[in-house]
Amino acid sequence: GHSCGVTKAGVLYCWGFNTSGQLGDGTLLARSRPVKVVGGTGYASVSAGGSHTCALKTTGAAYCWGDNSYGQLGDGGAEDSSSHGVAVAGGLTFAAVSAGARHSCGVTTAGVVYCWGYNENAELGDGTTTSESSPVAVSGGTGFASISAGDSHTCALNTAGAAFCWGYDGNGELGDGGSIYTEWTTPIAVAGGHTFVSISTGTHHTCALTASGPAYCWGWNAEGEVGDGTQTAARTPTVVSSGFPFATITAGGFHTCGIAKADAGTTFCWGWNAYGAIGDGTVNDNALPSQTLGSTFTSVSAGSAHTCGVTAAGVTYCWGLNASGELGDGTTTARTTPMLVVLQ
């Protein structure tokens with residue numbers, strides 16, 4: 001229900017739902033336009049989770065703010081934070097950080113994976129189902145390059161491009177190809193032997209991109225978020241739309257988006273579209289990639305029921321559900337095509 005972005009100057013802004021302080025502006029007020037995060041300067045990246053947010057400074061220090069009911073802020077406590085956030089405990093230097101629904105994870109500059117927060121579904125990957133308010137090392141989580149925290153599962157890529165996932169697996173979101181299993185408390189290899197360059201976890205599905213461009217998705221598929229033209233759950237990586245090549249891929253709540261590799265930023269989305277998160281001007285679900293109308297983008301991020309993209313010029317647009325102002329256009333009206341994000 002909220003969105004965040006880092007400007008080219010390293011300044012953090014957030015907008016949308018704010019009941020737990022996830023916007024970081026020192027209030028609990030929803031905002032339909034971007035507001036500056038208190039103390040939010042010197043940042044390199046940001047990740048908006050369920051009701052919390054985590055970001056990395058240019059130094060590699062991680063900070064989180066918002067809901068801390070399960071320790072997802074990683075400061076060793078359980079108090080919410082509504083401004084700037086709190087430093088993630090342990091003095092770790094991260095290369096990447098990802099905020100999930102109720103947990104967070106990061107990869108250090110040394111390639112070690114740590115997670116913190118809710119762990120009832122084993123999404124922390126430390127061999128237990130005990131929630132932790134400070135970072136714990138993922139079992140065998142060394143030699144990794146990227147991380148993505150989903151709703152109840154987590155996935156990561158090692159430096160060789162092999163994918164591993166852990167946590168809840170009731171819908172095949174771990175991609176291991178086995179029979180239905182409720183959870184894996186430690187990383188398990190994604191089936192198929194593919195080499196990926198990026199990976200993204202949604203609510204109950206996962207997508208990853210190969211170097212040559214074809215994308216693969218697996219997991220829950222009732223709304224067509226796997227993108228293979230069916231609504232059948234996939235327990236192993238399934239190629240999206242006959243190998244259509246993408247430059248980026250992002251898995252949202254029950255939809256997925258990607259930027260075409262050969263079409264200068266043309267964006268396609270597929271899956272659940274009740275509020276227009278696909279951006280094709282309709283509210284019809286689509287089990288195959290459908291072109292997002294309007295601008296072309298260099299990056300795109302899919303949320304629970306909305307999507308945001310950034311153009312080559314750094315201009316931001318969002319579309320889909322807007323009940324709390326998460327589109328940042330100054331309204332709370334859902335949009336079926338990209339709308340310009342407007343500063344206060």
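Tutor: Let us begin with a definition: a disulfide is a pair of cysteine sulfur atoms within 2.5 Å. Keep in mind that we are reading a predicted model.

Student: How should I apply that to Cys54 and Cys64, and how far apart are their sulfur atoms?

Tutor: Compare the sulfur separation with the cut-off. Cys54 and Cys64 have sulfur atoms 2.1 Å apart and form a disulfide. The angle about the S-S bond is 105°, and the link of Cys54 and Cys64 is right-handed. Cys54 sits in strand S5 (residues 52–57) and Cys64 in strand S6 (residues 62–66), so the pair ties together parts that are 10 residues apart in sequence.

Student: Are Cys54 and Cys64 buried or exposed?

Tutor: Here the relative accessible area decides, and buried means under 20%. Cys54 counts as buried because its relative accessibility is 0%. Cys64 has a relative accessible area of 0%, so this residue is buried too.

Student: How many disulfides does the structure hold?

Tutor: There are seven. Another one joins Cys4 to Cys14, with an S to S distance of 2.1 Å. The link of Cys4 and Cys14 is right-handed, with 105° about the S-S bond. This pair links distant parts of the chain, 10 residues apart: Cys4 belongs to strand S1 (residues 2–6) and Cys14 to strand S2 (residues 12–16). Both Cys4 and Cys14 are buried.

Student: And what about Cys105, which residue is joined to it by a disulfide?

Tutor: The partner is Cys115, at 2.1 Å from S to S. About the S-S bond there is an angle of 105°, and the link of Cys105 and Cys115 is right-handed. Since Cys105 lies in strand S9 (residues 103–108) and Cys115 in strand S10 (residues 113–117), the pair ties together parts 10 residues apart in sequence. With a relative accessible area of 0%, Cys105 is buried. Cys115 is buried as well, again with a relative accessible area of 0%.

Student: Next, the nonpolar core. Which residues of the largest one touch the most other members?

Tutor: The general idea is that nonpolar side chains tend to be buried together in soluble globular proteins. In this model the largest nonpolar core has 13 residues, of which Ala163, Phe196, Ile199 and Trp218 touch the most other members. The elements giving two or more residues to this core are strands S13 (153–158), S14 (163–168), S16 (196–201) and S18 (215–219). Take Ala163: leaving aside neighbours within four places in sequence, its contacts are Ala156, Leu157, Ile188, Ala189, Val190, Phe196 and Ile199.

Student: Could we look at one strand residue in detail? Where is Thr238 found?

Tutor: Thr238 is in strand S19 (residues 234–239). Its side chain reaches the backbone oxygen of Thr236 at 3.1 Å. Beyond neighbours within four places in sequence, Thr238 is in contact with Ala215, Tyr216, Cys217, Val226 and Asp228.

Student: Finally, the whole chain. How many helices and strands are there in the protein chain?

Tutor: The protein chain has zero helices and 27 strands. The C-alpha trace spans about 45 × 45 × 30 Å along its principal axes.

Student: What percentage of the residues in the protein chain is buried?

Tutor: Buried residues make up 53% of the 344. As for the accessible surface, the protein chain has about 12,100 Å², with 52% belonging to carbon and sulfur atoms. Among contacts with a separation of 6 or more, 47% involve residues 24 or more positions apart.

Conventions:
Residues numbered from 1 in each chain as written. Predicted model: local features only at pLDDT ≥ 70, side-chain atom pairs only at ≥ 80, totals over all residues. Heavy atoms only, no water. Helix = DSSP H or I, 4+ residues; strand = E, 2+ residues; numbered from the N terminus. Buried < 20%, exposed > 50% of the residue type's maximum accessible area, 1.4 Å probe, protein only. Core = buried A, V, L, I, M, F, W, Y, C linked by side-chain atoms within 4.5 Å. Contact = heavy atoms within 4.5 Å. Polar contact = N/O pair within 3.5 Å; in protein donor to acceptor, adjacent residues only side chain to side chain. Areas by Shrake-Rupley, 256 points an atom, 1.4 Å probe, with all protein chains shown as cover.
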